[in-house]
Amino acid sequence: MLTELLIATVMVLATVFIHAVGLLLLGRLTRYERLEERKLAIKPLSLAAVGLTMSVVLGLFVLHALEIWLYAALYLQLGALDTLREAVYFSTQTYAAIGFGNEALDPQWRLVAAIEGVNGVILLGWSTAFFVTGMRRLGHL
């Protein structure tokens with residue numbers, strides 16, 4: 001159990017770091033702060049607003065995909081799952097707290113998967129807060 005907790009802790013720290021850096025970069029790329037400081041508003045249905053919104057959503061999707069694939073690579077490295085497809089599917093289901101069923105995973109690593117679920121919920125919530133804050137800064141909410 002101690003090994004599982006240590007591995008899960010390293011993964012949580014890695015994904016939180018990746019997420020923090022990703023959101024910082026995404027915030028800078030979208031220039032939310034500059035728009036708010038200058039009191040600039042983009043019309044909600046303008047091409048600029050749609051492009052910015054789509055860019056943020058795509059950026060968040062890529063960020064979560066990276067974190068999911070990191071867990072999938074871990075499951076393969078540990079021998080907890082047999083194929084890349086199975087590992088990515090399992091990790092996606094677990095990260096999003098949808099649930100896959102523990103039967104597919106080697107019982108020795110189930111605690112890592114449970115912690116991935118908690119980690120994913122927190123990171124998804126963080127992304128939601130980032131997105132809503134950004135839309136407010138643009139004057140869309």
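Helices H1 and H3 are roughly antiparallel to each other in this predicted model. The reason lies in the crossing angle: the axes of H1 (residues 2-30) and H3 (residues 47-78) cross at roughly 160 degrees, and angles over 145 degrees count as roughly antiparallel. The two axes come within 10 Å, and the crossing is right-handed. Where H1 meets H3, the residues of the contact divide into 16 nonpolar, seven polar and one charged.

A second helix pair can be described in the same terms, since two packed helices are described by the angle between their axes and the distance between the axes. Helix H4, spanning residues 84-95, packs with helix H5, spanning residues 110-137, at an angle of about 60 degrees, and their axes lie 7 Å apart. That angle makes H4 oblique to H5. On the H4 side, the contact is made by Phe90, Ser91, Thr94 and Tyr95; H5 contributes Ala113, Glu116, Gly117, Gly120, Val121, Leu123 and Leu124.

Of the contacts with a separation of 6 or more, 70% are accounted for by residues 24 or more positions apart. Buried residues make up 34% of the 141 residues. The protein exposes about 8500 Å², and carbon and sulfur atoms supply 69% of that area.

How values were computed: Residues numbered from 1 in each chain as written. Predicted model: local features only at pLDDT ≥ 70, side-chain atom pairs only at ≥ 80, totals over all residues. Heavy atoms only, no water. Axes fitted to C-alpha atoms, helices over the stretch in contact; angles between N-to-C directions. Helix = DSSP H or I, 4+ residues; strand = E, 2+ residues; numbered from the N terminus. Parallel < 35°, antiparallel > 145°, perpendicular 65-115°, else oblique. Left-handed = near helix turned anticlockwise from the far one by under 90°. Nonpolar A, V, L, I, M, F, W, Y, C, P; charged D, E, K, R; others polar. Buried < 20%, exposed > 50% of the residue type's maximum accessible area, 1.4 Å probe, protein only. Contact = heavy atoms within 4.5 Å. Areas by Shrake-Rupley, 256 points an atom, 1.4 Å probe, with all protein chains shown as cover.
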